[in-house]
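Trainee: Could we walk through this model together, one question at a time?
Mentor: Gladly; have the structure open while we talk.

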Amino acid sequence: MTTNLEPSFGGRRVLVTGGAGFVGGALVHRLVAAGARVTVLDDLFTGRRETVPAQAEFVEGSVTDQELVRDLVRHASVVFHMAARNIIASTKNPRDDFEANIGGTLNVLLAARESGPERVVYTSSTSVYGNPRTIPINEDDQVVALSPYAVSKFSGELYCHAFYESYGLPVSVVRYSNVYGPGQRPDNPYCGVVSKFLTSARAGEPLGVHGDGEQTRDFTYIDDAVEATLLAATHPRAEGEVFNVGTGIETSVNQLARLVCTAMERPCEIMHIDRRDVDNIRRRVVNIEKARRMLRWSPQVTLDHGLAKTVEWFLREGFVVSADEP
Ligand SMILES: NC(=O)c1ccc[n+]([C@@H]2O[C@H](COP(=O)([O-])OP(=O)(O)OC[C@H]3O[C@@H](n4cnc5c(N)ncnc54)[C@H](O)[C@@H]3O)[C@@H](O)[C@H]2O)c1
């Protein structure tokens with residue numbers, strides 16, 4: 001079930017940073033359909049201009065540009081701050097990550113402190129948990145940053161919290177867990193494991209699995225992630241809060257590979273790549289009770305069904321990238 005967004009967003013001015021990306025693009029489509037007047041700020045680092053619907057205003061620029069951010073935030077009633085360097089880019093260039101992910105978030109919050117939007121939603125990551133001691137992971141479990149990306153995403157959260165406490169800025173944080181689905185393009189270097197598997201399966205190549213494949217993740221369908229993000233923007237109780245956004249279901253990468261092959265109706269050949277996964281996390285599954293209880297949100301799409309919808313989209317788009325590309 002999806003929320004009727006018109007009462008909350010119809011006619012309202014909304015800024016989405018990173019709105020030309022995978023999750024941001026899906027969010028912008030929902031907002032535009034609800035009659036919101038959406039502006040997207042994106043430097044097209046991984047995003048694509050075509051992702052942004054014609055009804056939204058597109059501004060090509062970076063969240064590191066303080067004046068530009070101030071100017072755009074000033075006109076917005078709600079700000080979704082999703083622009084970020086991804087984990088691959090961040091690992092290669094932590095300085096750039098620092099400037100975009102931490103500096104960019106500070107710019108958004110400083111601008112929001114000045115102009116006072118009704119809500120700022122910051123999209124963080126379950127990468128901040130590192131290798132958890134216990135699962136499923138709760139929001140108040142220990143944070144152990146094992147990558148520069150986890151440092152920057154968590155720093156953004158800390159700034160959000162500090163601006164909420166110090167200046168009363170109405171901020172909500174969502175921590176996404178492995179979002180997948182239509183729109184996650186395999187030609188984005190950080191497209192996620194589902195897109196990589198789909199690309200291999202389509203090319204009739206073995207699916208490359210890092211290590212033994214018994215590492216687990218909590219895979220979240222795009223529409224469910226977007227719905228939680230919208231509720232974080234509208235629910236009165238979400239202010240100052242952090243929410244896990246996942247499914248509560250742990251799936252190993254080997255299981256995922258088999259499910260992708262089933263969805264593609266292909267025989268499954270797995271090739272174990274003797275290389276560390278980028279974030280080197282053994283097990284990850286999050287507890288979503290807080291979002292269920294406070295936002296009345298629950299994931300609607302099972303992994304089987306989500307993969308079937310993703311395959312349908314993937315085949316329709318007819319991507320011609322090689323699985324060997326980064
Ligand atoms: N997809 C996931 O599984 C996942 C998991 C955890 C957290 N997240 C978070 O969700 C958000 C969206 O991620 P996504 O999966 O859509 O990734 P994405 O790479 O598709 O989208 C990020 C967007 O931000 C833009 N961007 C990057 N640096 C920018 C800058 N300096 N100024 C303006 N725009 C900039 C990119 O061009 C891109 O359009 C990010 O904040 C990410 O950290 C995503």
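Trainee: Into which domains is the protein divided?
Mentor: This is a predicted model, in which local features need pLDDT of at least 70, side-chain atom pairs count only at pLDDT 80 or more, and totals for chains, interfaces and linings use all residues. Residues are numbered from 1 along each chain as its sequence is written. Domain bounds come from an automatic or database domain assignment. On that basis the protein has domain 1 (11-179 + 221-245) and domain 2 (181-218 + 249-285 + 300-317).

Trainee: How many residues does the contact take from domain 1 and from domain 2?
Mentor: Two residues are in contact if their C-beta atoms, placed from the backbone, lie within 7 Å. By that criterion, domain 1 gives 24 residues and domain 2 gives 21 residues.

Trainee: Which helices each supply at least two residues of the side of domain 1 that touches domain 2?
Mentor: Helices (H or I, at least four residues) and strands (E, at least two) are DSSP runs, numbered from the N terminus. Those that supply at least two residues each are α2 (22-33), α4 (87-92) and α8 (222-234).

Trainee: Which residues come nearest to the ligand?
Mentor: A residue is near a molecule if its C-beta atom, placed from the backbone, lies within 6 Å of it. The shell around the ligand draws at least two residues from each of α2, β2 (37-42), α5 (94-115) and β5 (119-125), and α2 gives the most, with 3 residues. Of the 32 residues around the ligand, those that come nearest are G18, G21, G47, A83 and S125.

Trainee: Is V121 buried or exposed?
Mentor: V121 lies in strand β5. A residue is buried if 20 or more other C-beta atoms lie within 10 Å of its own, exposed if 12 or fewer, and partly exposed in between, with C-beta atoms placed from the backbone. V121 has 25 C-beta neighbours inside 10 Å, so V121 is buried.

Trainee: Which residues touch the most other members of the largest nonpolar core?
Mentor: A nonpolar core is a set of buried Ala, Val, Leu, Ile, Met, Phe, Trp, Tyr and Cys residues joined through C-beta atoms within 7 Å. The largest one has 92 residues, and the members touching the most others are A228 and V260.

Trainee: In β11, which residue is the bridge partner of V173?
Mentor: Two strands pair if DSSP finds at least two bridges between them. Strand β6 (residues 171-176) and β11 run parallel and are joined by 4 bridges. On β11 (residues 242-245), V242 and N244 on one side and F243 and V245 on the other are all buried. The partner of V173 is V242.

Trainee: Which residue does a cis peptide bond join to I135?
Mentor: Look in the loop between β5 and α6 (148-167). There omega is about -5°, and the residue joined to I135 is P136.

Trainee: Is E265 buried or exposed?
Mentor: E265 lies in the loop between α9 (253-264) and β13 (270-273), and its phi is near 55°, a positive value in a residue other than glycine. With 8 C-beta neighbours inside 10 Å, E265 counts as exposed.
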